[in-house]
Amino acid sequence: MSVDRKNEKAIAEQIKQFSMSIAAISTYDVSGGLLFNTPIILGGEKLVEDLSLLSLVEQGFGQLNIVDLFLGKDYILKTASYFAEPLYQFEHLIPNLYLVKTNYRDAYLLGLLITPYSDINIVEYLKESSFIIKSYFGTFRRSTSQYEAGQIDDPTRRMECYDTARTLMSLLHYRVFDIRRLRGGSEIPGRQSYFTAVMILDAKVYHSDFICLQCGSVYDSEPENSKCSSCGGQVVKAPPVFEFENISFIFPDVLADRSEVKMTPLDYLTLYVQSEIPPSVKLAVHRINPFIFSNILYIPRRVIFEYKGTNDVIDLFSLWNSENNKFRLFIAISDSRFKDFDLMPYMAERVFLRDLSEGLNKKLSIEEIVKKSVIKDWNIIPPISLSELDSNEKYHTWAGLRDVVKE
Amino acid sequence: MLSKNSSEFLEKLIEELRRKSMSLPSQLERITRVNPQIETLARKVQLNFKTDDESKKIIAALYHLMRLNEVIDEQYGFEDFVKDINILFEILLPKSSVLTKDTVFQISDLYLKLFLDSAIISYATFIRLINEKGKELSDNVIKALLIREEILDTFLLIISSFEDLNRDLDLRFFVAAVRYRFLYSLYRMKRSIEQRKIEEWKRGREGKEWLRIVGDEPPKLVDIELRPIHKIYEEIKKEYPIRSGDDVFYDILFFEIISPIYDIMVKIAADAIQEKRKEIASLTSSGLSLQRQIAARTEFKADETSMPRMNLELMIDSAFRITGELTERNKSAIRHTIDTLLRRRMLKLYGQLYIPDMSKLLDVAFEEVYHLLLSEPYIALSVLSPEEINIFMENPKEYVKSKRNTLWELFKRKFRAYVGVNISYFTIAEALVKIIDEALQRYNRIFKHK
C-alpha cells in the first residue's frame with residue numbers, strides 16, 4: 001500500500017501546514033458590563049513565518065468589532081468563499097479564504113478558514129460555526145450561573161468558556177483537515193432562491209499602496225525605512241484591490257415590470273462591494289504573512305447574505321477571467337424573496353454558470369453565450385461606467401435600464 | 001477481538017434491539033397475561049399522579065420487559081424503576097393530570113426507545129474512541145468529536161421525541177438516563193473482556209500453584225458502579241445548574257456524559273487501542289519495509305509457482321514476438337494462470353486465501369508483474385508516460401532493473417484504476433490481462449510502424 005498512501009499523506013500534510021482556522025468570538029458579559037473578544041488561532045505552521053507577528057494577528061482579531069461587520073442596510077453576510085488570484089508566482093500552495101459570521105443571541109463568531117483546499121462547503125461551515133457559537137453560549141450560560149451561585153470563580157468561568165470554544169475549534173480543524181469533513185457536497189442554503197440577475201463588472205487591479213502592520217495606516221508610497229510615521233510600526237506592501245470601471249446587467253423583464261421589486265441595480269453593486277473582505281479583517285489576515293497576502297487578490301467566489309430577521313437569502317456566485325491585470329467578473333445573483341415572480345430556481349443559475357464558463361473558454365461573446373442559455377430572453381445591458389450608474393437617474397431602476405437597450 | 005469484529009457485532013446488536021422495540025403495547029399486554037407476578041408488582045406501584053390499575057400494570061410489565069431483555073441491569077430494583085418513572089411523568093405532564101392507559105403506553109414507548117438508542121450510540125461511541133485514541137489528538141478533542149459525530153444527533157432526536165409532550169423539559173433527567181445506559185453497556189463489555197482475561201490467566205496458572213502464595217490476583221479492568229437513574233439525576237442536578245435550552249446540549253453532554261465515562265471507556269478499550277496504535281504506526285512504516293523487501297529479494301527461485309509462471313511467460317512472449325495479438329483464448333488462459341499463481345502465492349504467504357486486508361494481494365500481484373517484466377520488459381509500456389517511454393526504449397531490460405520502485409508505483413496506480421475497491425483474484429487477473437493487452441497494443445504501434 002504504502003508509497004501511494006504515503007505521498008497522499010505527504011500532500012495532505014503539506015496542505016494542512018498551509019491551512020489555518022481562526023475564530024474570533026465576541027460576547028457581551030452582563031456581569032462585567034462589557035464586550036470581550038476571544039481570538040482562537042489554529043494551525044498554519046508553514047504559513048506563519050514570523051512568529052512574533054502571531055500575537056499581532058491575535059490582537060487584530062481581538063480588536064474586531066464583529067457585531068457590526070458585514071452589516072448592510074437590511075441584510076447581513078453569513079458565509080463566503082474567496083478564491084486566491086496570485087499576482088506573483090509562488091513556489092508553494094496558495095491558500096483560499098472562507099469566512100463566516102454567525103451569532104447566538106448576543107454571542108458573535110467570526111470564523112476564517114485559510115486553506116489551499118478549494119472545495120470547503122460554506123453552508124456546512126456556517127452550520128458548524130453556528131453550532132460552535134451556540135455551544136459556547138451554553139457553556140457561558142452554565143458557568144455564569146455557577147459563578148453567580150459562588151460555585152466557581154471568575155477566571156474559572158472564563159477558562160471554561162474559552163475551553164469549549166477552543167476544543168470545538170480544534171475539532172473543526174481536525175474534521176476539515178484530517179478526516180475531510182465539510183468538503184464538497186450540496187451547498188444549498190436553507191431556503192429555495194430564484195435566479196434573479198447577472199451582473200458583469202470590469203475591473204483592474206490596483207496594487208501600489210503600503211500599509212502599516214501595526215495600526216493599519218495606508219500610504220500611497222513606501223515611507224522612509226518602511227516605518228509608519230504615526231506609530232512607528234512596520235510598513236509593508238498592501239494587498240491588491242479591485243478598481244471597478246464598467247458595469248452591465250443581464251436581467252429578466254419581470255424585474256422591470258413589477259413595482260414591488262426592492263433591489264435596484266445599484267443595490268446589487270453595493271451588495272457585491274459589501275461582500276469583499278472588510279479592511280479590518282484583511283489587515284488581521286495580512287499580519288499572518290505579509291509577503292504572501294500582499295501578492296494575492298481575493299475574489300468572492302460565493303457569498304450568502306441573509307435578510308435581517310428572516311430566513312431569506314441572497315446568494316451571489318461569481319466567475320471571472322483575466323488578461324493583463326484586467327478582470328471581468330460575472331456575478332450571478334439569486335434571491336429567495338422573488339418567490340412569486342415566475343423566475344427560474346437556483347439550479348438554473350448553476351446551469352447558466354456552466355454554460356458561461358464553457359462559453360468563455362471557447363472565447364464566445366456574452367451575447368452568444370446568453371442566446372444559447374436558459375436566460376436567452378433576458379435583457380442584456382451594454383457596459384456603462386460606474387459614475388454614470390451613480391449619477392444618471394434612469395439607470396437607477398430596472399425599467400430605466402431596459403429602456404437603454406430599447407433606444 | 002473488539003476492533004476486528006466490532007462492526008459486525010454492532011450491526012447484529014442494532015438489529016436485535018430494533019426487533020425488541022417492535023409494537024410495544026402488544027408486547028406489554030402479553031407479558032401481563034403470561035406473568036402472574038406482574039399483578040403483584042403492579043400493586044407496589046406508587047405514583048404521584050391519579051391513575052388506574054391498568055396503567056400500573058403497564059409500568060410493571062415495562063419493568064419486566066426491560067429487565068428480561070437486559071435493557072437495564074439485572075440488579076435494577078423495581079422501586080428504583082418506579083422512582084425514575086415518577087420523575088419522568090413529573091417532567092412531562094402537568095401536576096394535576098390523570099394518567100390514562102394511552103399516555104402511559106406512549107411514554108413507555110418513548111422511554112424504551114431512549115434506552116435502545118442510547119445502547120446503540122454507546123457501542124458506536126466506544127468503537128469510535130478506539131479508532132481515534134490511537135491518533136495524536138487531545139482527550140478533549142476526542143470527547144468533542146464523540147459528542148459531535150456519535151452522540152449529538154441521537155440525543156437531539158431523543159429530546160425532540162419527548163418535546164411533543166412538553167416543550168420545557170428538564171434535560172438533566174434524560175442525560176442521567178443516557179449516562180446510565182452508557183455505563184451499563186460498558187459494564188457488559190468489561191464483563192466479557194474480563195472473563196476472557198481471567199480464563200487466560202487461569203490457563204497461565206495451571207500447574208503453578210506457587211503463584212497463589214506470591215499474591216497473583218486475577219486481572220481486573222475497572223470498577224463500574226451501576227446506580228439507578230434517579231440517583232444519577234439528583235447528582236447531576238446538584239452539579240449542573242441549567243435545566244433546559246438547546247444551547248447547553250454540547251456543554252451538558254461534555255460534562256455529564258462523556259467526561260464521567262471517558263476514563264472508564266479508555267481502560268476497557270486499552271488492548272484494542274494498543275492494537276490500533278500499532279496498526280497506525282505500521283501503516284506509516286510499511287512503505288519503507290516493503291521497499292526493503294523488494295530490494296532484498298534475490299533471484300527467481302523454483303517453487304510450486306514456477307510452472308504457472310513459465311506458462312505465463314511463454315504465452316506473453318508468443319503474443320509479443322510472434323502473433324502480435326492476444327486472442328480471447330489467450331486472454332482467458334492468462335487470466336486463469338494468474339488466478340492460480342496468485343492463489344498459490346497467497347496460501348504460501350498467509351496460509352489462507354482470504355485475509356482481512358485484501359490490499360496485500362496487490363503487493364503480491366505486483367511481485368508477479370515484476371517477474372514478468374524481467375522476462376518481458378515491454379509490459380511496462382502500458383504504464384509509462386510518453387517521455388518515460390523514450391528513456392525506456394534505450395534499454396528496456398536495464399530500465400526495469402534500475403527503476404523497480406517507480407514501476408511499482410506506476411503499476412499500483414494502474415491496478416487501483418482497474419481494480420477499484422473490489423480487490424479479488426478475479427478482478428486482479430482481469431486487470432493484468434488488460435494491462436498486458438494495452439502494452440501489446442503500444443508495442444505493436446511502436447514496432448510495426450517502423
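Me: How many residues of domain 1 of chain A are in contact with domain 2 of chain A?
Reply: 12 residues of domain 1 are in contact with 13 residues of domain 2 of chain A. Contact here is heavy atoms within 4.5 Å. The model is predicted: local features need pLDDT of at least 70, side-chain atom pairs count only at pLDDT 80 or more, and totals for chains, interfaces and linings use all residues. Residues are numbered from 1 along each chain as written, chains are lettered from A in the order written, and side-chain values use heavy atoms, without hydrogens and water.

Me: Where are the domains in chain A?
Reply: Domain 1 is 3–177 and domain 2 is 194–275 + 320–406. The bounds come from an automatic or database domain assignment.

Me: What area is buried between domain 1 and domain 2 of chain A?
Reply: About 980 Å², with 61% from carbon and sulfur atoms. That is accessible area (1.4 Å probe) lost on putting the two parts together, summed over both.

Me: Which residues of domain 1 lose the most area to domain 2?
Reply: Tyr75(A), Glu85(A) and Leu87(A), together 51% of what the domain 1 side buries.

Me: How many salt bridges between the two domains?
Reply: 0. The test is a Lys or Arg side-chain nitrogen within 4 Å of an Asp or Glu carboxyl oxygen.

Me: Which element gives the largest share of the domain 1 side?
Reply: β3(A), with 5 residues. Strands are DSSP runs of E, at least two residues, numbered from the N terminus.

Terms used: Helices (H or I, at least four residues) and strands (E, at least two) are DSSP runs, numbered from the N terminus.
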